[in-house]
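The sequence and the model are shown first, and the description follows.

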Amino acid sequence: IKNKTVILNSNGEQERDFLTSQNFCHLINFFINNKTRYSVYNLASGSCLKVIDFVKLVLSRYKKITGIKIPLTISANPQPNHKYTIDISRASSHNLKLLYTHEEEIDMTLKYYLGIPI
């Protein structure tokens, strides 16, 4: 933040399942307040993004809010990308909908930390 740059210490090709904090809280609230069939649930969005794509999304949202383009430096070192899946079938069986998009969560977070009214 101080240097107005992003340095990614990998090539960004790794895939991750990013779940917004508000969706996480929404899911936790549901499981606390409702009768459920199981005692253990995996919580995830159900879709993976490449780390580089998520970083670029954050930077594009930052530019949209501030008008400032932040440079991105990507490491040339390839990193292994182990494909993985998270079984969210138990949580999905409750037909829960995720309420917030990554864009909404990123915008709210950036505005909060930049002191911009939400």
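## A buried asparagine

Asn-23 has a relative accessibility of 2% and therefore counts as buried, the limit being under 20%. The model described here is a predicted one. Asn-23 belongs to helix H1, which covers residues 21-33. Leaving aside residues up to four places away in sequence, Asn-23 is in contact with Leu-98, Leu-99 and Tyr-100.

## Overall architecture

The chain contains four helices and four strands. Along the sequence these elements follow the order β-β-α-β-α-β-α-α. The radius of gyration is 17 Å, well over the 13 Å that the globule rule gives for 118 residues, so the chain is more spread out than a compact globule.

Taken along the principal axes, the box filled by the C-alpha atoms is roughly 50 × 40 × 20 Å. Of the 118 residues in the chain, 25% are buried. Among contacts between residues at least 6 apart in sequence, 87% join residues at least 24 apart.

In soluble globular proteins, nonpolar side chains tend to be buried together. In this model the largest nonpolar core has 11 residues, including Leu-8, Val-51, Phe-54, Tyr-62, Ile-70, Ile-106 and Leu-110. Helices H2 and H4 each supply at least two residues of this core, and H2 gives the most, with seven residues.

Tyr-62, one of the residues of this core, touches Lys-4, Gly-67, Ile-68, Ile-70, Leu-110 and Leu-114, not counting residues up to four places away in sequence.

## Salt bridges

Side chains of opposite charge can pair when their charged atoms come close. Two salt bridges are present in the structure. In one of them, the side chains of Lys-50 and Glu-13 meet at 2.7 Å, N to O. Lys-50 lies in strand E3 (residues 49-50) and Glu-13 in the loop between strand E1 (6-8) and strand E2 (15-16), so this pair ties together parts that are 37 residues apart in sequence. Lys-50 is partly exposed, with a relative accessible area of 29%, and Glu-13 is likewise partly exposed, at 33% relative accessibility.

A salt bridge also joins the side chains of Asp-107 and Arg-61, at 2.6 Å, N to O. This pair links distant parts of the chain, with Asp-107 in helix H4 (residues 102-114) and Arg-61 in helix H2 (residues 51-66), 46 residues apart. Asp-107 and Arg-61 are both buried.

## Aromatic rings

A search of the whole structure finds five aromatic pairs. The rings of Phe-18 and Phe-54 have centres 4.1 Å apart and planes at 10°, so the pair is stacked. Phe-18 sits in the loop between E2 and H1 and Phe-54 in helix H2, and the pair thus links distant parts of the chain, 36 residues apart. Phe-18 is partly exposed, at 22% relative accessibility, whereas Phe-54 is buried, with a relative accessible area of 18%.

Elsewhere, ring pairs link Phe-30, Phe-31, Tyr-38 and Tyr-41 into a cluster. Over the face of Tyr-38 lies Arg-90, at 4.1 Å from the ring centre.

Terms used: Residues are numbered from 1 along each chain as its sequence is written. This is a predicted model: local features need pLDDT of at least 70, side-chain atom pairs count only at pLDDT 80 or more; totals for chains, interfaces and linings use all residues. Side-chain values use heavy atoms; hydrogens and water are left out. A salt bridge is a side-chain nitrogen of Lys or Arg within 4 Å of a carboxyl oxygen of Asp or Glu. Buried means under 20% relative accessible area, exposed over 50%, partly exposed in between (1.4 Å probe, protein chains only). Contact means heavy atoms within 4.5 Å. A nonpolar core is a set of buried Ala, Val, Leu, Ile, Met, Phe, Trp, Tyr and Cys residues joined through side-chain atoms within 4.5 Å. Rings of Phe, Tyr and Trp (its six-membered ring) pair if their centres lie within 6.5 Å; planes under 30 degrees apart count as stacked, over 60 as edge-to-face and the rest as tilted. A charge sits over a ring if NZ of Lys or CZ of Arg is within 6 Å of the ring centre and within 35 degrees of the ring normal. The radius of gyration is taken over C-alpha atoms; the globule rule is 2.2 Å times the number of residues to the power 0.38.
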